[in-house]
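Open the model in your viewer and keep the selection panel at hand. This tour goes from domains to ligands, then to helix pairs and a few backbone details.

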Amino acid sequence: MDGRLKSVMVIGAGIAGIQASLDLAERGIKVDLIEKNACIGGRMAQLDKTFPTNDCSICILAPKLAECSRHPNITLRTLSEVQKVEGTAGNFTVKVLTHARYVKEDACINCGLCVEKCPMRVDDDFDMQLRKRRAIFIDYVQGVPAIMSIDKEKCLWFTKSACRLCEKACEREAIDFDQEDKEIEINVASIIAAIGYDVFNPKSIISLGYERFPNVVTSLEFERLICASGPLDGHLIRPFDKKEPKKLAFINCVGSRDLKNNPYCSSCCCMYTTKEAMIAYEHDNEIQTSIFYIDLRAGGKGFRKYIQRGSEDYAIEYVKGKVAKILQDEQKNPIVVYEDINTFEVKELQFDLVILATSMIPNKDAVKLSEILGIKLDEFNFFKGMTYYPQKSTKEGIFLCGACREPMDIPNSVIDASGAAAKAAETVMRV
Ligand SMILES: Cc1cc2nc3c(=O)[nH]c(=O)nc-3n(C[C@H](O)[C@H](O)[C@H](O)COP(=O)(O)OP(=O)(O)OC[C@H]3O[C@@H](n4cnc5c(N)ncnc54)[C@H](O)[C@@H]3O)c2cc1C
Ligand code: SF4
Ligand code: SF4
């Protein structure tokens with residue numbers, strides 16, 4: 001029997017894919033962990049702190065990233081995508097395309113000399129386009145693997161046959177412009193899909209002023225703005241006029257529970273807006289926050305208490321009201337116009353900064369990957385799980401975990417991952 005058939009492929013290396021891989025690897029099962037970005041970690045790496053403990057997100061994640069990259073049973077395949085899957089449970093053949101990094105993995109020591117010399121400034125996706133990175137870059141400071149990669153679309157050598165300054169700067173001779181994309185076939189007994197989610201772009205809700213008003217941002221942007229490793233080094237100012245905001249408004253359910261956009265609940269926003277308001281207060285206790293909500297969905301263990309702490313210890317005002325629109329005054333301060341659900345009155349409040357808690361939406365790769373894997377999607381394009389075993393996809397031997405299945409927070413993604421890993425291990429045992 002092919003030894004590889006005792007292995008599992010995990011697609012997506014966010015917290016869910018990482019946890020599933022570690023669980024399997026600890027059971028002695030070989031794992032191929034496929035990640036399309038140059039570094040693993042997913043959205044959790046972008047967060048400043050995490051509810052319900054308000055621990056530093058990267059401090060919780062970093063040991064798992066390191067364990068994943070060092071574990072003898074895990075083969076990490078970054079810059080990689082699944083192209084084709086054939087076979088059945090117990091014997092899948094998967095074609096994987098790995099894009100060239102143009103930096104030798106065994107030579108780069110992440111010293112950054114190349115980055116200093118690179119003249120190309122590019123919008124930084126990890127920082128939600130709130131700052132620029134170079135064409136040679138690492139996704140984030142603590143990124144794993146700690147190796148640079150070159151953005152071929154933006155690099156002057158690939159676009160204009162010029163430059164190569166990074167090559168001259170690198171004392172380790174790690175730059176390799178001749179690297180090519182590689183296709184390999186891998187045999188595995190089982191597959192776990194863990195490709196996570198995307199965030200809704202609120203630009204389409206014109207009344208909320210996103211991208212029209214400089215002091216209206218999204219929650220994920222706010223996570224980066226307030227993070228010590230983010231574009232403002234953790235000193236919260238309005239990017240527009242450098243003023244320290246003292247009055248913040250968070251608007252829950254932007255694009256969620258909304259028949260025109262996404263009718264489902266994104267499940268995390270009630271909690272993460274409270275967390276973001278708490279962190280803002282910890283930065284500057286003159287900050288006053290209002291959270292506008294339809295109703296507070298705080299169903300998890302200790303979540304009610306967390307919200308209570310928000311209002312008692314962090315001066316958060318919870319306003320039960322449906323926001324109709326956002327206007328702005330002459331100083332570009334946003335004005336929230338809302339209907340007070342208790343009195344049915346339409347009211348206006350002026351703020352320094354408004355933060356939109358936008359929906360978690362299906363990953364844009366979900367449709368294509370569902371076709372490749374031969375699994376079904378639900379009505380919203382999240383991967384469809386079985387009602388009484390949600391980590392089981394509609395195809396034998398293929399399992400699901402994390403926010404690619406439905407919006408879920410980090411603790412639930414971890415639980416989900418362990419469930420999917422247990423089921424995938426059963427398939428391996430049967431081979
Ligand atoms: C603003 C905001 C704040 C939040 N704050 C909190 C919080 O404080 N506490 C909490 O518990 N939760 C929080 N969450 C939710 C949290 O982000 C998710 O629970 C968690 O990230 C889900 O992990 P995941 O691994 O399922 O998905 P992701 O984190 O999305 O990871 C998916 C991984 O798959 C990779 N991938 C995608 N497509 C492919 C492909 N085709 N092939 C290969 N790889 C692919 C991605 O690059 C990524 O690395 C927050 C969410 C938001 C939007
Ligand atoms: S490519 Fe070279 S210069 Fe750049 S970080 Fe790696 S070792 Fe340093
Ligand atoms: S060759 Fe490309 S990556 Fe290297 S320094 Fe020039 S623009 Fe940057």
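**Domains**

Start with domain 1 and domain 3: their C-alpha centres lie 32 Å apart. The contact between them takes eleven residues from domain 1 and 20 residues from domain 3; two residues are in contact if their C-beta atoms, placed from the backbone, lie within 7 Å. On the domain 1 side, the residues touching domain 3 are six nonpolar, two polar and three charged. In these classes, Ala, Val, Leu, Ile, Met, Phe, Trp, Tyr, Cys and Pro count as nonpolar, Asp, Glu, Lys and Arg as charged, and the others, Gly among them, as polar.

This is a predicted model: local features need pLDDT of at least 70 and side-chain atom pairs count only at pLDDT 80 or more, while totals for chains, interfaces and linings use all residues. Residues are numbered from 1 along each chain as its sequence is written, with chains lettered from A and ligands numbered from 1 in the order in which they are written.

Now colour by domain. Domain 1 is 3–99 + 181–196 + 363–430, domain 2 is 113–169 and domain 3 is 201–359. These bounds come from an automatic or database domain assignment.

**Ligand 1**

Select ligand 1 next. Domain 1 and domain 3 both give residues to its shell, so ligand 1 lies between them. Which residues come nearest to ligand 1? Of the 40 around it, they are G12, G14, G42, G196 and G402. A residue is near a molecule if its C-beta atom, placed from the backbone, lies within 6 Å of it.

Helices (H or I, at least four residues) and strands (E, at least two) are DSSP runs, numbered from the N terminus. By class, the shell has 21 nonpolar, eleven polar and eight charged residues.

Move to ligand 2. It has 14 residues around it, and C108, C111, L113, C114 and C170 come nearest. The shell of ligand 2 holds eleven nonpolar, two polar and one charged residues.

**Helix α1 and its partners**

Two packed helices are described by the angle between their axes and the distance between the axes. Display α1 (residues 15–26) with α2 (residues 57–70): the axes come within 10 Å and cross at roughly 50 degrees. Axes are lines fitted to C-alpha atoms, for helices over the stretch in contact, and angles run from 0 to 180 degrees between N-to-C directions. The two helices are therefore oblique to each other. Angles under 35 degrees count as roughly parallel, over 145 as roughly antiparallel, 65 to 115 as roughly perpendicular and the rest as oblique.

α1 passes α2 in a left-handed crossing. A crossing is left-handed if the near helix is turned anticlockwise from the far one by less than a right angle, and right-handed if clockwise. Pick I15, I18, S21 and L22 on α1, then L61, K64, E67 and C68 on α2; these make the contact. They divide into five nonpolar, one polar and two charged.

The axes of α1 and α10 come within 8 Å and cross at roughly 40 degrees. That makes α1 oblique to α10. This crossing is right-handed. From α1, the contact uses I15, A16, Q19, A20, D23 and L24; its α10 residues include I410, S413, V414 and D416. The contact has eleven nonpolar, three polar and two charged residues.

**Helices α7 and α8**

Select α7 and α8 (residues 303–313). They pack at an angle of about 35 degrees, with their axes 10 Å apart. α7 passes α8 in a left-handed crossing. M271, T274, A277 and M278 in α7 meet F303, Y306, I307 and G310 in α8. By class, six are nonpolar, two polar and none charged.

**Backbone details**

Most residues other than glycine have a negative phi, and most peptide bonds are trans. Zoom in on F51 and P52: the bond joining them is cis, with omega near 0 degrees. P52 sits in the loop between β3 (49–50) and β4 (55–56).

Go on to V144 and P145, joined by a cis peptide bond with omega about 0 degrees. P145 is in the loop between β10 (136–137) and β11 (149–150).

Finish at C253, in strand β16 (residues 247–254). Its phi is near 60 degrees, a positive value in a residue other than glycine.
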